[in-house]
Structures are given as C-alpha cells and as structure tokens.
Amino acid sequence: AHDAPRPNVLLFVTDDQRWDALGCMNNPVIQTPNVDRLAADGALFTNAFCTTSICMTSRASFITGQYERRHGIDSFGVPLDSTAFENTFPQVMRGAGYRIGFVGKWGLGGTLPKKDYDFWAGFGGQGKFYEEGDPVHLTRKLGDAALKFLDGCSAEQPFCLQVSFKAAHVQDGKSWPFPADTKYDQLYAGVPVPRAATANNTAFDALPSFLKSSIAKERWYVRFATPELFEQSVRDYYRLITGVDHIVGEAIDKLRAKGLGHNTVIIFTSDNGFYLGEHGLAGKWFMHEESIRLPLVIYDPRAASERRGVKVDKLVLNIDVAPTILRFAGLDVPQSMQGRSLVELCQGENPPWRTDFLYEHRFKHPKIPTTEGVRTTRWKYIRYTSVEPIREELFDLHNDPLEQRDLADSRRHIGVLQRLRKRWVELAHKAE
C-alpha cells in the first residue's frame with residue numbers, strides 16, 4: 001500500500017573484499033555468520049561486479065549509479081561536482097525526508113561533505129587500523145559510530161546509513177599489510193588455507209611483460225612470496241572480514257532492539273575485488289575475475305517467505321546499487337543514473353537483463369596499465385590501452401574459468417574478438 005511506512009536502508013560497503021570471501025559464497029575457511037544469515041533470508045547475487053576496480057572510482061559509482069566516464073572520478077584528489085553530488089542516492093533521500101548518515105572511509109577527494117549529512121563519522125584518505133598508542137581497532141570504532149547513529153533513529157523518520165569500512169584493505173606502508181583486530185589472533189590459526197590454482201609461476205609467466213613489472217607484482221612479494229607469508233596474509237585478510245561481520249551482527253541486534261528491524265533493508269557489498277596471489281599478483285585494478293567480482297547480499301525483511309533465500313546469477317553491477325536503494329525508498333531515480341534497480345531480481349522475478357557490461361580502469365599510474373573491456377556471460381575481452389601497440393586479450397570463461405588461455409590470436413575466435421571489440425565501442429559510447 002502506498003501509505004506503508006518507507007523502509008530504512010542500511011548499506012555496508014567493505015574495501016577490497018572479493019566475491020568469494022564469504023561463507024555463503026562457499027568459502028571453506030572464512031566465518032561470516034551474520035552476512036550468511038542475511039543471504040539465507042534475502043537475495044544472494046553470485047555474479048556481481050564493479051565497473052572499475054579501484055576505491056575512489058567504485059565508491060563514486062556506488063553513490064552516483066554512474067560509470068567513471070560520466071562521474072569523472074578517475075584519481076584520488078578529485079571531488080564530485082555539485083550537480084553529480086546532489087543526484088547521489090543519499091542526497092536524493094535526504095531531500096525526500098530521510099535521515100542520512102555516513103560512517104567510515106569517504107574515499108573521494110575535496111572537502112568532506114559533513115554538512116550534507118545529518119550524521120557524519122567519516123574520514124578522508126585511507127585511515128589506519130590502529131592509531132599510535134590506541135588499542136582500539138578501526139573496525140570497532142566504525143561499528144560504535146554506526147550503533148550511535150542507529151540509537152538516534154526512530155520509526156517517526158526513515159533513515160539511510162552508509163557504513164564504509166577500511167577492512168579488508170591493506171595498511172599501506174606498514175611492516176604488516178593486514179593488521180586485524182588482535183581479538184581475532186587465534187581465529188583460523190592452523191586452519192589450512194587452500195592456494196588458488198593460478199597462484200604459480202606458470203600462470204605468472206603467461207602474463208604480458210607490462211603486468212609482470214607492475215605494482216601488482218611488487219606487492220605480491222611482500223604478501224604472498226612464500227607459503228608462510230601467503231597463509232599469514234590470507235588468514236589476516238579473513239580476520240579483517242570476520243571483524244566486519246561481527247559489526248553487521250551488532251547492527252542487526254540494535255535494529256531489532258529498537259523495533260526497526262522489520263522495516264530496514266540491509267545491503268552488504270564491497271568496492272572491488274582483490275588478488276590473493278592468483279596469476280602471481282596482488283592488489284586489484286586489472287580485469288581478472290579476482291579483481292572485479294564483488295560480494296552482494298540484499299536483505300528485505302518485508303519480502304514474502306517464498307521470496308527468501310533467492311540466488312541470482314545475472315550480471316549485476318556496483319552502479320545498480322544507487323537506483324536499487326531509491327526504488328526501495330519509493331523515490332524516482334535521477335536520469336543521470338546508469339545502473340538498473342535490482343528490486344525485481346530480489347523478489348525472484350525474471351525481467352529482461354543485461355548480458356554484458358563495460359569495464360573501464362582509466363586511472364593513470366606509472367606502474368598500473370590502464371584497461372578497458374567487455375565482460376559477457378561467457379566471454380571476457382580486455383584492452384590494455386596504455387601500452388603501444390594496444391594489447392587485446394580474449395578468454396572463454398565457460399571453458400577456461402581461470403583465464404589461463406588467451407584466445408585473442410586464435411584464428412578460430414576472430415569473429416568473437418571482432419564482435420566484442422565493436423561491442424566495447426558501443427558500450428563505451430553509451431557510458432559517457
């Protein structure tokens with residue numbers, strides 16, 4: 001009914017959490033019981049992707065619902081222009097009477113938009129898991145800020161809270177890249193961590209030379225170079241994510257205690273993926289699945305019981321989150337948004353859907369080649385655009401899910417290559 005109360009929205013965005021770093025995504029090691037429960041009672045998206053695998057660009061895409069070609073955030077210092085900012089989902093919601101809050105890593109350049117939120121506990125830059133002389137982990141602090149916002153909420157005014165974690169991003173420049181909360185020191189101790197099939201020299205040797213000398217290889221040495229280092233890095237990466245899952249559980253308990261749980265949509269996702277040594281790489285940026293695939297869970301407590309525990313395998317994107325949130329709130333989606341609402345998919349419906357999307361990584365860095373391409377339900381077409389001549393790659397994900405056999409020079413696949421090259425031109429043009 002149109003007079004039903006508007007739902008609240010709670011959006012959790014982790015940092016550098018790859019799609020399979022959740023129990024509900026069949027990870028055999030990691031413990032994420034709270035997110036797993038949301039997935040069991042909600043919608044689990046098994047093919048979610050970012051359109052650009054780097055923090056600031058993806059975060060801008062989340063709030064604007066736009067590709068980088070349109071929102072223009074292609075490096076760290078750049079702020080959103082005022083028109084783009086006014087058309088972000090939180091600002092549209094605030095204009096419609098929602099109480100909005102932001103907690104955690106803002107991720108974009110310019111002045112922090114404290115005055116544009118009713119509650120602000122955000123920070124600029126990368127933040128630190130542990131401040132000098134302070135024993136409290138950053139994830140715990142962000143959890144406390146989120147609970148404080150929820151304490152100030154009531155059924156009288158709908159709310160939207162964005163909680164933007166630093167976990168499981170590395171702590172750059174520190175002696176140890178993954179400083180998890182010390183309370184999890186024993187978690188996963190002694191648990192064997194399976195190595196990926198492509199975490200070997202053969203897969204690395206198959207890469208083009210400019211990837212072998214990229215920053216992704218330099219960072220591999222300090223995170224994954226020995227079996228001991230690999231195990232320690234992955235366990236601490238998982239510990240950081242379990243710390244986030246704990247906060248998700250506390251927020252759910254708080255909503256219940258305040259009588260707001262039955263009307264609060266909860267979304268859990270990440271800004272981009274992360275290599276755990278696959279292809280001999282670390283970091284993200286490039287177009288391998290490990291780098292571009294995201295976890296995505298959407299839980300709507302108002303859904304009918306037969307619409308619970310839905311698994312959706314359609315290609316969905318970070319740019320879809322903003323229009324989804326606005327649709328949940330019953331608000332019009334600005335024309336400038338390029339993503340599509342996922343509400344119907346959450347409800348188990350089967351609308352006509354995209355079968356491919358544009359990937360763009362246009363951040364200029366001396367040791368990160370720029371990349372564009374097309375990911376379809378079956379194929380992946382990659383263009384490394386900052387090398388001369390431009391290098392193309394083509395992978396058949398049905399027959400080669402680990403992306404080990406580049407078919408770009410295969411005479412048999414010339415038709416596929418030409419079709420996807422043409423499709424890249426169309427999608428790039430459409431994304432502007």
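Leaving aside its neighbours within four places in sequence, which residues is Phe89 in contact with? In this predicted model, the list runs to Leu11, Phe62, Ile63, Cys160, Gln162, Ala322, Ile325, Leu326 and Met337. Phe89 is a handy place to start, as it belongs to the largest nonpolar core, a set of 88 residues. Along with Phe45, Met93, Phe286, Ile298 and Leu394, Phe89 is among the members that touch the most other members of that core. If you'd rather go by secondary structure, look at helix α14, residues 414-430, which gives the most to this core, with 6 residues. There is also a second, separate core, made of 59 residues, and Ala39, Phe123, Phe165 and Leu260 are included in it.

Now for the empty space. Rolling a probe the size of a water molecule over the atoms shows where empty space is left.

The largest pocket is another stop on the tour, with a volume of about 540 Å³. It is lined by 26 residues, and those closest to its centre are Arg18, Trp19, Asp20, Ala196 and Glu278. Which elements give two or more residues to the lining of this pocket? They are α10 (227-257) and α11 (289-292), and α10 has the largest share, with 3 residues. The lining of the pocket splits into 14 nonpolar, 4 polar and 8 charged residues.

Helix α10 deserves a look of its own. It has 31 residues and reaches 45 Å from its first C-alpha to its last, close to the 45 Å expected at 1.5 Å a residue. After the helix comes Gly259, with a positive phi near 70 degrees. Within α10 you'll find Asp236. Is this aspartate buried or exposed? Asp236 has 7% relative accessibility, so it counts as buried. Beyond its neighbours within four places in sequence, Asp236 is in contact with Trp176, Phe178 and Ala180.

Next, move to helix α9, residues 215-224, where Phe224 sits. At 0% relative accessibility, Phe224 counts as buried, because the cut-off for that label is under 20%. Not counting residues up to four places away in sequence, Phe224 touches Arg195, Tyr275, Leu276, Gly277, Leu281 and Ala282, and its list also includes Leu229, Phe230, Ser233 and Val234. For a sense of distance, take Phe224 and Gly77: they are 147 residues apart in sequence, and their C-alpha atoms are 30 Å apart in space.

Finally, let's turn to the backbone. Most residues other than glycine have a negative phi, and most peptide bonds are trans. Where does this model depart from that? Start with the peptide bond from Ala167 to Ala168, which is cis, with omega near 5 degrees. Ala168 has its place in the loop between β6 and α7 (201-205). A cis peptide bond also joins Glu388 and Pro389, with omega at about -10 degrees. That proline lies in the loop between β16 (379-384) and β17 (391-396).

Then come two positive phi values in residues other than glycine. Asn26 has a phi near 70 degrees and lies in the loop between β1 and α1 (33-41). Glu403 has a phi near 55 degrees, and it is found in the loop between β17 and α14. Which of the two labels, buried or exposed, goes with each? Asn26 is exposed, because its relative accessible area is 65%, whereas Glu403 has a relative accessible area of 4% and therefore counts as buried.

Methods. Residues are numbered from 1 along each chain as its sequence is written. This is a predicted model: local features need pLDDT of at least 70, side-chain atom pairs count only at pLDDT 80 or more; totals for chains, interfaces and linings use all residues. Side-chain values use heavy atoms; hydrogens and water are left out. A nonpolar core is a set of buried Ala, Val, Leu, Ile, Met, Phe, Trp, Tyr and Cys residues joined through side-chain atoms within 4.5 Å. Buried means under 20% relative accessible area, exposed over 50%, partly exposed in between (1.4 Å probe, protein chains only). Helices (H or I, at least four residues) and strands (E, at least two) are DSSP runs, numbered from the N terminus. Contact means heavy atoms within 4.5 Å. On a 1 Å grid over the protein atoms alone, a cavity is a set of points where a 1.4 Å probe fits but cannot get out, and a pocket is an open set with protein on both sides within 12 Å along at least five of seven lines; lining residues have an atom within 4 Å of a point. Grid points are joined across faces, edges and corners, and a volume is the space filled by probe spheres set on the points. Ala, Val, Leu, Ile, Met, Phe, Trp, Tyr, Cys and Pro count as nonpolar, Asp, Glu, Lys and Arg as charged, and the others, Gly among them, as polar. The expected span of a helix is 1.5 Å times one less than its number of residues.
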